[in-house]
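Thanks for coming. Please have the sequence and the model open, and follow along as I go through it.

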Amino acid sequence: MEVEREHSEEPLPTMMAEDEAEAIRVAKEPPKIHRLDQSVVNRIAAGEFIQRPVSAVKELVENSLDAHSTSTNVVVKDGGLKLIQVSDDGHGIRYEDLSILCERHTTSKLSNFEDLQSIKSMGFRGEALASMTYVDHVTVTTITAGQLHGYRVSYEMVSRSMNQRLVLL
């Protein structure tokens, strides 16, 4: 593999000490390339939610719309840094799906690549909830039609593994 790099012969700033300038001119050994730890990768992927909580609100509201909700309520505290709460009257989440709800690439909206040609939902990648768990804890309260009880599940990443706590309501 050949990589070309331009080298500038511009003089170094005069405010730098002469010995510091010489140290910069001396060729350094290139840094070693390494794979990032998966927890670092996940937090980088979640960066949009750290920097822009409004992106998390958008994703959660889109989930509400995809669940055919007719009413959605959003509560935000301190610009989304303290709390983002989205409540809706959508179809809910099946109990059987709660264990994988906040894992990456889990979705109810497609099963194979060809489904992308006919997708009609707002979101489908299965990244939003997973990304949120990498930066903070996520609590989901849900009930589906015909059920007597709902469920509340809390998710958070601890030492690269997902912790879940399920409560019957």
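Start with Ser154, which sits in strand S4. Helices (H or I, at least four residues) and strands (E, at least two) are DSSP runs, numbered from the N terminus. This is a predicted model, where local features need pLDDT of at least 70 and side-chain atom pairs count only at pLDDT 80 or more, while totals for chains, interfaces and linings use all residues. Residues are numbered from 1 along each chain as its sequence is written, and side-chain values use heavy atoms, with hydrogens and water left out.

Is Ser154 buried or exposed? Ser154 is buried, because its relative accessible area is 16%, and buried means under 20% relative accessible area, exposed over 50%, partly exposed in between (1.4 Å probe, protein chains only). Contact means heavy atoms within 4.5 Å. Not counting residues up to four places away in sequence, Ser154 touches Val138, Thr139, Asn163, Gln164 and Arg165. With Thr139 there is also a polar contact of 3.2 Å between the two side chains. A polar contact is a pair of N or O atoms within 3.5 Å; within protein, one must be able to donate a hydrogen and the other to accept it, and residues adjacent in sequence count only if both atoms are side-chain atoms. Val167 is 13 residues away from Ser154 in sequence, and 8.8 Å away in space, C-alpha to C-alpha.

Next, strand S3. S3 and S4 pair in the antiparallel sense over five bridges; two strands pair if DSSP finds at least two bridges between them. For Val138, the bridge partner in S4 is Tyr155. S3 has two faces: Val138, Val140 and Thr142 are on the covered one, and Thr139 and Thr141 are on the uncovered one.

Thr142 of strand S3 is buried, with a relative accessible area of 8%. What does the side chain of Thr142 reach at 2.8 Å? The backbone nitrogen of Ile93. Leaving aside neighbours within four places in sequence, the contacts of Thr142 are Gly92, Ile93, Leu98, Gly150 and Tyr151.

Now helix H5. Seven of its eight residues are buried, so H5 is largely enclosed by the rest of the structure. Those buried residues are Ala128, Leu129, Ala130, Ser131, Met132, Thr133 and Tyr134. Tyr134 has a relative accessible area of 14%. Leu129, leaving aside its neighbours within four places in sequence, is in contact with Leu60, Asn63, Leu101, Cys102 and Val138.

That brings me to the core. A nonpolar core is a set of buried Ala, Val, Leu, Ile, Met, Phe, Trp, Tyr and Cys residues joined through side-chain atoms within 4.5 Å. The largest one here has 13 residues, and those with the most contacts inside it are Leu98, Leu101, Cys102, Leu129, Met132, Val138 and Tyr155. Helix H4 (53–66), helix H5 (128–135), strand S3 (138–142) and strand S4 (151–158) each supply at least two residues of this core. In soluble globular proteins, nonpolar side chains tend to be buried together.

A few words on H4. Its 14 residues reach 20 Å from first C-alpha to last, close to the 20 Å expected at 1.5 Å a residue; the expected span of a helix is 1.5 Å times one less than its number of residues. Among its buried residues are Val57 and Leu60. After H4 comes His68, whose phi is positive, near 60°.

Last, the whole chain. How many helices and strands are there? Five helices and five strands, running α-α-α-α-β-β-α-β-β-β from the N terminus. Of the 169 residues, 23% are buried. Among contacts between residues at least 6 apart in sequence, 41% join residues at least 24 apart.
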